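Subject: Structure for your review

Dear colleague,

Please find below the structure I am handing over to you.

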Amino acid sequence: MKIGVMTSGGDAPGMNAAIRAVVRACAYYNVKCFGYYRGYEGIIENDFIELTSRSVKNIINKGGTMLKSARSEEFRLAEGRKKAYDNLKSEDVDALVLIGGDGTFTGGALFSKEFDIPVIGIPGTIDNDIYGTQFTIGYDTALNTVVEAVDKIRDTASSHNRLFFVEVMGRDAGFIALNSGIGAGAEEILIPEEDQPLEKLLESLKRSKISGKTSSIVIVAEGDKTGKNVFELAEYVKENLDDYSPRVTVLGHLQRGGSPSCFDRVLASRLGVKAVELLLDGKKDIMVGVRNNEVVATPIIEIMRCKNSINKELLRISDILSI
Ligand code: F6P
């Protein structure tokens with residue numbers, strides 16, 4: 001058997017650890033492993049490298065992905081997928097391990113259906129927005145990166161008695177904002193899943209002033225529902241509340257980089273090994289994930305249909321603690 005592995009979509013810390021686990025599990029079971037560059041793009045262009053256990057030395061601790069990543073437009077087209085299939089056949093690749101997010105799996109499920117190539121997904125994204133797993137690879141590292149950054153911003157906020165708006169990643173999901181917000185002790189957390197009226201934000205800031213707070217942090221997810229971007233939010237507060245001259249920090253892509261946390265390395269290692277074992281067991285079109293500390297498999301079709309919902313209880317906790 002020959003297995004292809006690739007990383008696709010936004011990179012996430014721990015993707016290298018997942019590649020390493022797939023490659024080493026293949027070596028352990030005497031299966032050949034090809035690494036495709038830039039996700040589906042690499043399969044379409046037949047751009048690959050044969051990976052042995054030594055090819056993945058010293059990468060468990062590295063951010064990014066040694067196989068590079070991309071979001072392929074060509075793979076969305078039937079022609080692109082046919083090219084990909086022809087290339088896999090010419091190299092005798094029997095199955096694929098896809099490390100990425102839901103876009104990656106949607107393409108993979110379609111490909112598998114059209115050409116009968118078994119695929120197994122491994123969730124790798126900082127957003128943690130994939131059904132079928134409690135944690136995606138990269139999420140824990142990103143949370144720690146955000147908390148570390150906000151801790152530093154807090155030093156300035158506190159020294160200058162200032163209000164800071166900090167924008168974190170998450171176009172459609174508030175996992176990073178919600179959990180880092182609680183971890184960093186934010187005053188307010190604005191997320192895509194919750195329609196929070198702007199008056200509530202003003203009320204909360206007024207209350208804080210009265211209770212003697214001299215500085216505050218508001219965490220805003222990229223896709224928050226206020227209808228204003230983080231700069232407009234700061235402007236709005238400035239216009240509506242005396243005494244505030246808010247500052248804005250957009251953390252941006254620094255959240256995607258850095259050495260993976262131990263949690264992400266262990267998660268990636270477990271999921272990588274399981275993905276190979278399931279393929280060898282004849283399983284296909286599933287994604288491996290973790291639930292209650294057990295590695296579980298969920299059909300990709302179910303992953304496409306369902307959404308991982310945030311824990312609203314955390315919003316309540318945040319409200320209580322920001323008193
Ligand atoms: O899906 C991961 C993610 O980092 C999102 O949180 C963010 O909205 C998006 O990717 C940014 O994508 P790009 O790197 O293409 O700007």
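**Salt bridges and a covered strand**

R38 and E45 are joined through their side chains by a salt bridge, with N and O 3.1 Å apart. Please note that the model is a predicted one. R38 is partly exposed at 25% relative accessibility, and E45 is partly exposed as well, at 46%. The two belong to a network of salt bridges that also includes D47. Over the whole structure, the search finds 17 salt bridges.

Two further examples lie within helices. In helix α11 (residues 313-321), R316 and E313 are three residues apart, about one turn of the helix; their side chains form a salt bridge of 3.0 Å, N to O. In helix α7, E203 and K206 are likewise three residues apart, so about one helical turn separates them. The closest N and O atoms of their salt bridge are 3.4 Å apart. Both are partly exposed, E203 at 42% and K206 at 39%.

The other finding concerns strand β8 (residues 216-221), where six of six residues are buried. One side carries S216, V218 and V220, the other I217, I219 and A221, and both faces are covered. Strand β6 (residues 163-168) pairs with β8 in parallel over six bridges, and E167 stands opposite V220. Strand β7 (residues 188-190) also runs parallel to β8, joined by three bridges; here L190 has V220 as its bridge partner. From β7 the chain passes through helix α7 (residues 198-210) to β8 in a right-handed β-α-β crossover.

With kind regards

Definitions and conventions:
Residues are numbered from 1 along each chain as its sequence is written. This is a predicted model: local features need pLDDT of at least 70, side-chain atom pairs count only at pLDDT 80 or more; totals for chains, interfaces and linings use all residues. Side-chain values use heavy atoms; hydrogens and water are left out. Buried means under 20% relative accessible area, exposed over 50%, partly exposed in between (1.4 Å probe, protein chains only). Helices (H or I, at least four residues) and strands (E, at least two) are DSSP runs, numbered from the N terminus. Two strands pair if DSSP finds at least two bridges between them. A crossover is right-handed if, with the strands pointing away from the viewer, the path from the first strand over the helix to the second runs clockwise. A salt bridge is a side-chain nitrogen of Lys or Arg within 4 Å of a carboxyl oxygen of Asp or Glu.
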